[in-house]
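Please keep the sequence and the 3D view side by side while reading.

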Amino acid sequence: MTSVGASAASRPPRRSPARVVLGLDLRSGPRYPTGLAVMDRDGRLLDLRVVRTDETILEAVEAHHPDLIAIDAPLALPEGRHCAEPDCECAVAGLMREVDRIAAREGYRPFPALLPSMVRLTLRGIALRERLQTAGYAVVEVYPGMTQDVLGIPRKQAGLGGLRRGLFQAGVRGLPRRPVTHDELDAITCALTGLLHLSRRTEVMGSGIPVPLVLPRRSRRWTNPLVGGARALDRTISR
Ligand SMILES: [Zn+2]
């Protein structure tokens with residue numbers, strides 16, 4: 001892949017432990033805005049924007065070399081499915097993954113991965129995950145609404161101001177002064193979840209196969225999510 005001039009300028013220094021997480025609020029295709037947020041280990045935003053194509057996403061990945069990529073989209077087919085075709089014989093395995101059923105049981109109302117309105121997003125998420133994993137990147141699935149609920153951050157439905165303030169109170173820094181879209185705020189939430197995962201403050205819902213669905217640990221009392229996170233990261237790195 002040839003790098004594109006604009007992204008090279010934001011390349012972080014390559015010395016460890018300058019760890020970086022990339023969050024993606026993925027949409028079903030380039031017609032819709034996908035939120036992209038890159039955050040350093042202290043919760044400072046290095047990049048925040050709306051993107052459209054897989055190529056732009058991959059350019060951002062190449063520019064930042066994130067230690068972890070956290071994506072809001074189903075990143076696998078339901079167990080027993082080998083395609084998304086409704087008239088294939090594998091369709092008896094249904095529209096929901098085991099992790100969707102667990103999330104629903106626990107009160108989170110996920111969209112089933114192969115609900116007709118979800119199929120294109122799920123297939124895009126799977127293809128992107130495979131490309132990123134092939135390139136050697138670690139990927140997790142996240143669900144911003146779940147993270148926001150666990151951390152006590154208001155969801156976007158309650159107003160973007162509250163979500164933005166909640167992310168700031170959670171320790172996110174470097175929010176631009178311009179209005180930030182809900183796609184970007186959810187991407188920040190994805191990156192924040194990834195950062196908590198790197199500092200081992202998350203739990204995995206479901207089997208974790210092919211990649212884990214992670215959320216902040218629910219047994220914890222969350223007051224300042226990012227405080228102390230850098231030290232936990234250092235322990236992870238020097239392990
Ligand atoms: Zn099939």
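Pro 210 sits in the loop that runs between β6 (202-205) and β7 (213-216). In this predicted model, a cis peptide bond links Pro 210 to Ile 209. Most peptide bonds are trans, and most residues other than glycine have a negative phi.

**Cis peptide**
- The bond between Ile 209 and Pro 210 has an omega of about 0°.
- Look for Pro 210 in the β6 to β7 loop.

**Positive phi: Arg 109**
- Arg 109 is not a glycine, yet its phi is positive, at about 50°.
- The loop between α3 (98-105) and α4 (119-134) holds Arg 109.
- Is Arg 109 buried or exposed? Arg 109 has 10 other C-beta atoms within 10 Å, so it counts as exposed.

**Positive phi: Arg 200**
- Arg 200, also a residue other than glycine, has a positive phi near 60°.
- Arg 200 is in the loop that joins α7 (182-198) to β6.
- How many other C-beta atoms lie within 10 Å of Arg 200? The count is 12. Residues with 12 or fewer are classed as exposed, and therefore Arg 200 is exposed.

**Confidence**
- The protein chain has a mean pLDDT of 89. A pLDDT of 70 or more is reached by 87% of its residues.
- Residues 1-9 have pLDDT below 50. In the model, this stretch makes 10 contacts beyond near neighbours in sequence.

Conventions: Residues are numbered from 1 along each chain as its sequence is written. This is a predicted model: local features need pLDDT of at least 70, side-chain atom pairs count only at pLDDT 80 or more; totals for chains, interfaces and linings use all residues. Helices (H or I, at least four residues) and strands (E, at least two) are DSSP runs, numbered from the N terminus. A residue is buried if 20 or more other C-beta atoms lie within 10 Å of its own, exposed if 12 or fewer, and partly exposed in between; C-beta atoms are placed from the backbone. pLDDT is the predictor's confidence in each residue, from 0 to 100. Two residues are in contact if their C-beta atoms, placed from the backbone, lie within 7 Å.
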